[in-house]
Amino acid sequence: MPACPGTDPNPLSSAPDLSATVGVAHPARIYGYWLGGKDHFPADRQAADDVAACRPQVVAGARANRAFGARLVRFLAGQRGISQFLDIGAGLPFPEATHQVAQDIDPAARVVYVDNDALVLSHARALLTSSREGECGYVDADLRDPEAVLRGAGQTLDFTRPVAVLLLAVAHFLADSDDPAELVACLAGGLPPGSFIAISHLTADFAPEAVTAGVAAYNRLVPAGITARSHAQVSGLLAGMGLVPPGVVPVTEWRPGHAGWPGHGADLYAGLAVVRERR
């Protein structure tokens with residue numbers, strides 16, 4: 001594995017525990033509100049509504065991202081034979097969670113959920129229960145410390161066999177100063193050949209003014225800020241790996257099936273890459 005940033009198993013452990021207060025807008029609760037969930041408070045609704053006032057498509061985008069995640073897992077489990085998934089920054093539980101989709105295809109599938117937030121992990125442990133044949137694990141770690149992520153996941157997953165890493169709507173929480181491309185490379189470096197890394201990521205490419213205003217509104221109200229990135233920047237996160245067709249495309253266009261996506265456009269790119277054998 002390459003030398004990777006981060007030595008503390010939870011680099012944000014000194015940050016305020018946002019899950020301990022309902023008066024501070026929380027990323028997982030905001031996202032859940034856009035998805036139609038019930039676990040949110042006035043501060044979350046205010047932030048979510050302020051962003052949606054700038055870019056109403058954010059609601060459709062959140063739902064399109066969930067649909068992408070389900071399609072992705074079905075593709076990997078059903079067509080690529082992947083039975084191990086590492087879902088980083090999964091957020092609050094919703095129907096068609098990664099393990100539900102994977103274990104519907106392969107009941108023995110193993111899934112690890114990773115987050116650095118006590119709120120998310122407590123909900124996950126209570127609600128995301130595995131099939132009898134499979135297994136679910138939960139790791140308290142931060143994407144900024146990929147070694148800790150992989151070390152924790154190794155308690156459930158067998159890293160001698162391929163693993164699919166899911167970074168769905170999470171890498172845009174990384175600032176440029178975090179060097180997200182290097183963090184993704186470090187994750188890839190700890191995976192066996194034939195593994196996959198999937199990404200969905202916020203972009204302002206389709207509506208620069210509206211999305212930029214929405215990002216500014218989000219960052220004013222939510223301590224965990226976000227960064228929109230261009231197609232070239234999102235593609236760069238998967239550099240050095242083999243892109244799976246159709247490549248990095250709008251999230252609604254990633255293998256949408258015969259019916260396509262019936263909703264509005266979404267301000268996210270999505271892509272899947274395979275980890276090649278290291279030379």
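Student: Which residues is Leu167 in contact with, leaving aside its neighbours within four places in sequence?

Tutor: In this predicted model, Leu167 is in contact with Ile88, Leu143, Val184, Leu187, Ile197, Ala198, Ile199 and Ser200, where contact means heavy atoms within 4.5 Å. Local features need pLDDT of at least 70, side-chain atom pairs count only at pLDDT 80 or more, and totals for chains, interfaces and linings use all residues. Residues are numbered from 1 along each chain as its sequence is written, and side-chain values use heavy atoms, with hydrogens and water left out.

Student: Which residues have the most contacts inside the largest nonpolar core?

Tutor: They are Leu86, Ile88, Leu167, Leu187 and Ile197, in a core of 33 residues. A nonpolar core is a set of buried Ala, Val, Leu, Ile, Met, Phe, Trp, Tyr and Cys residues joined through side-chain atoms within 4.5 Å. Another core, of 30 residues, lies apart from it and includes Trp254.

Student: Why is Glu96 called partly exposed?

Tutor: Buried means under 20% relative accessible area, exposed over 50%, and partly exposed in between (1.4 Å probe, protein chains only). Glu96 has a relative accessible area of 42%, so Glu96 is partly exposed. Not counting residues up to four places away in sequence, Glu96 touches Arg66, Ala70, Arg74 and Val101.
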